[in-house]
Amino acid sequence: MTVKFYGTRGSLPVCDPDFQEYGGNTTCIAILRKDVSRVAIIDAGTGIRNLGKDMLKGYISQDDINIAFTHFHWDHIQGFPFFDPAYNPKIKINMIALGDDRGITDLREVFATQMQSRYFPVGLEEMGAQFNFLLQDKESLIDYYDADVYTHRLNHPGGSYGYRIELEGQILVICTDVEHGDQIDEGVVEFARDADLLIHEAQYTTEELASHKGWGHSSFEQAIEVAERSGAKQLIMTHHDPDHDDQFLREIEKKCQSRFPNCSLARENVEIDM
Ligand SMILES: [Zn+2]
Ligand SMILES: [Zn+2]
């Protein structure tokens, strides 16, 4: 597996020049199988726009695409109306929400609402691709080879779901968005157990977290603690706060690496081979 970050920003995209190293697009993670030229997608923040363009350039060619969602806050869906393959009638798109107790009964409605004419000029039905909406407790990402995919409900306003993808002996765990509270959530530590790569959100410093209780996010220190306690081999922190510019994140990254050497902050367009 190769992971490529198309969107690393939390909450809101930023386009200012001081935010380009780590990236301004909101959450979108591509999970690539380069050997067979396929991709599966986690979340459709604004980063999915560039991923769609790469796919149409032939970077990846496939006529069925799986997009799995952690949850449906704006920063995880706002790029969807600009995902070019969704306008191609030959393309089949599986919109997937795995995990029990999601509190949604109609997944299609989530996206039809986002694209109501009051908010967007093109309706979901007019896009053109063949959509399949899958709301399931637990199932492998459809047609994603023999990967075992597990989900874990995370503490976040309205709920969010971590994904654990096990394929050919490699374990990839993605946990965003998550608020641990005063203690690290033991369930998250177990969910991330022995991950080869743990992608964990880290929106705040410890000081910032203290004044953002209930907002649904973690600190850098908490992400590192999850990695240490779960035995994760590598940690990448993402969902950068829109107020954290490149210089700020570079300094934080150095501090984090002095505690957990095999860690980094997610950078847009950077690939990580597992
Ligand atoms: Zn978010
Ligand atoms: Zn959220």
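I began at the zinc ion (ligand 1), where the four donor atoms subtend angles of 89 to 163°, which makes the arrangement irregular. The model is a predicted one. Next I looked up the protein donors: Asp75 (OD), His76 (NE2), Asp177 (OD) and His239 (NE2), at 2.1 to 2.2 Å from the zinc ion (ligand 1).

I found the zinc ion (ligand 2) 3.5 Å from the zinc ion (ligand 1), with aspartate 177 coordinating both. I placed histidine 76 in helix H2 (residues 74-77) and aspartate 177 in the loop between strand E9 (170-175) and helix H4 (186-191), so the pair ties together parts 101 residues apart in sequence. I checked burial too. Histidine 76 is buried, at 0% relative accessible area. Aspartate 177 is also buried, at 1%.

I moved on to the sheet. I traced six strands in an open sheet, ordered E7-E8-E9-E10-E11-E12, with mixed pairing. Strand E7 (148-154) and strand E12 (263-265) are at the edges with a single partner strand each, so one side of each has no neighbour in the sheet. From one strand to the next, I noted an average twist of 15°. I followed E7 along strand E8 (residues 160-167): they pair antiparallel over seven bridges. Histidine 152 sits opposite glycine 162 in E8.

Last, I looked at the helices on the sheet. Helix H6 (residues 220-230) touches strand E10 (197-201), strand E11 (235-238) and E12, and its direction makes about 150° with that of E11. Helix H7 (residues 246-259) lies across E11 and E12, and I noted that H7 runs at about 170° to E12.

Technical notes. Residues numbered from 1 in each chain as written. Chains lettered and ligands numbered in written order. Predicted model: local features only at pLDDT ≥ 70, side-chain atom pairs only at ≥ 80, totals over all residues. Heavy atoms only, no water. Pairing = 2+ DSSP bridges. Helix = DSSP H or I, 4+ residues; strand = E, 2+ residues; numbered from the N terminus. Axes fitted to C-alpha atoms, helices over the stretch in contact; angles between N-to-C directions. Contact = heavy atoms within 4.5 Å. Donors = N, O, S within 2.8 Å, 3.2 Å for Na, K, Ca; no water. Tetrahedral: all angles 85-135°; square planar, octahedral: opposite > 155°, others 65-115°. Buried < 20%, exposed > 50% of the residue type's maximum accessible area, 1.4 Å probe, protein only.
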